[in-house]
Every structure is written in structure tokens, then in C-alpha cells.
Amino acid sequence: MLLAGFSFAVMSVLAKEAVTFGYGSIELVFYRSLLGWMVLGWWLRAAGQPLFRVPHRNMLLRRALVGLVALTSYFYAIAHLPVSVAVTLNYTSPLFLAVLLPWTLREGVSALQYAAVGLGFVGVCLLLQPWNTPAADILAALIGLASGLLAAVAYLHVRQLGVLGVSEAHVVVWFAATGTLVAGLFALAGDWQWPTLEHAPWLLGMGLLATLGQFAVTRAYRYGHAAVTAAFAYSTVLFSSVLDVLIWDHQMSSLAWFGLVTTVLAGIWLTQQPQHHRGETL
């Protein structure tokens, strides 16, 4: 799982660097999805499995569209916030999941879990410090939080698809294919920037690392202890925080660091609960 955490952290760094080249969030979604579609699609075909002729296509499409908006929101947050902050906001999905479970899957949530949710959002406030933050950064932070909420909604779809017997491989391929097609259409309709050879390593690296991270997550959950694996998923926050300092010399106040750690610890505790063992990775 540490490999997955490192892969997703470096992918986020490459995405932030690609923004400096003039690529928008929707274009980053396209390149991230395209590589995943190619690799995972080839893997499914090599295994003799169909790509799209599967049951429950409507639910697969809904999950893919929710994931697409979540990923676009995540890349927007990365473009406008430090990578460690954007990653932490995206990893608030267990907090939102605890709130959504009683209303969607009719699963009970204890008072202690709600307390952890409240503590997690207190950590978010301390991390963002909205009383001392420009409005533009607050907007980016809210969009980053939205990526966490939508990741939780996507996870609910994955839970339902799992009950229906749909494999995770098909969920991921549908997500990648939908992201490629929809993001590609939106990018072409907007201010599309054609990639250059100079930018290719960043874009290819972003897509390949995202795919590597997805494979590593799948393997970790398949062969490791689910609760431990879910906790180690938060290594992405650790790696991105270190890279923030090393690459951009990003400095946060002690209060912001305390908020980040509080949010992460609340999320880790929630992932240890039975209905939270499996997280959703964008």
C-alpha cells in the first residue's frame, strides 16, 4: 500500500507541474484516464473478459460520472492549493461516508463515529483557516472538499456494484473509459492545448503512476488486512507533504499541521470500522 501511496502522491505532483505548462483540470483528467483505459483495457482483453458487455451498465456509468466530477474537482484543488492540502481534502471521503451510510445503505453509525467525523472537520477548519485565507483559496478548498464527498458517493456505488457481482476491474475500466471520452469532448470544446514532446513525460508519468497506484491498491486489499491497508492509504498525505516541502518549500503553520494530522487520524480511525474498510481511490 505504501507503493500506492507514493504513486498517487507523485502523480499529484506531476499534475500540479502540468498545470504550470498551461493544461487545465479537464485535460489532466483526459490524460490520466486515457493511460488507465489503455492499460486496464488491454489487461481485461488479455484475460479474455469483455470490456463493456457486462450487466448493470447504468450503475457503472453513474459511478463513472460521479468519479469523473470528483477527479476533476481534485485536479482543480491541486492546481490552486498546495498538493498536501488538496490530497488531505480529497481524503476526507471517510468522514462524508460516515454521514451518508445511514441515509443510503441503511447502515448504522455510532455516536463515537459521528464524534470522529466532527473532529475530522474541525481538523479541516484548522488546516484551511478560512478566517485568514483569500476567497480564491477558499473556493479551491471547497472544491477539494467536494472531491472528497463525491469520492464517498462513488464508493457507495462500488459497494452496490460489488453486491451485484460486478468486478472491480470493470468498475475501473468504465471509469477510465468515461473519463477519457467525456473529458476529451469537454477539452476539445474548450481551450485545448496539444501536448508537446517536452510535456509528454509529465503527462505519461501522471497516467502511468495513477494506473500503478490502482493496481497496487487492488493487490494490497486482495492480499493484506483490509483495516491495515485502509490506514496505510493515508501514506499519500505523508508523501505529498514531504514532496511539498522538498519541491516547493511549502511552509504551513503549526495550527495547519495540527489540523492536517487531526483530519488524517479521524479518517484512519473511521476506516477501521467494518463498513469503512474499503476506500475509493481516484
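**View 1. Helix H1 sits largely enclosed by the rest of the structure.** In this predicted model, 14 of the 19 residues of H1 are buried, so the rest of the structure largely encloses this helix. H1 covers residues 2–20. How far apart are its end C-alpha atoms? They lie 28 Å apart, which agrees with the 27 Å that 19 residues should span at 1.5 Å a residue.

**View 2. Gly22 follows helix H1.**

**View 3. Ala98 is buried in helix H5.** Helix H5 runs over residues 93–104, and Ala98 is found there. Is Ala98 buried or exposed? Its relative accessible area is 0%, and a residue counts as buried under 20%, so Ala98 is buried. Now look across to Ser110: Ala98 and Ser110 are 12 residues apart in sequence, and their C-alpha atoms are 9.3 Å apart in space.

**View 4. Stepping back, the whole protein comes to 12 helices and 0 strands.** Read along the sequence, the pattern is α-α-α-α-α-α-α-α-α-α-α-α. Of the 282 residues in the protein, 52% are buried. What about contacts between residues with a separation of 6 or more? Residues 24 or more positions apart account for 89% of those.

**View 5. The protein's surface exposes about 12,700 Å².** Which atoms supply 71% of that area? Carbon and sulfur atoms do.

Methods:
Residues are numbered from 1 along each chain as its sequence is written. This is a predicted model: local features need pLDDT of at least 70, side-chain atom pairs count only at pLDDT 80 or more; totals for chains, interfaces and linings use all residues. Side-chain values use heavy atoms; hydrogens and water are left out. Helices (H or I, at least four residues) and strands (E, at least two) are DSSP runs, numbered from the N terminus. Buried means under 20% relative accessible area, exposed over 50%, partly exposed in between (1.4 Å probe, protein chains only). The expected span of a helix is 1.5 Å times one less than its number of residues. Contact means heavy atoms within 4.5 Å. Accessible areas come from the Shrake-Rupley method with a 1.4 Å probe; for residues, only the protein chains shown count as cover.
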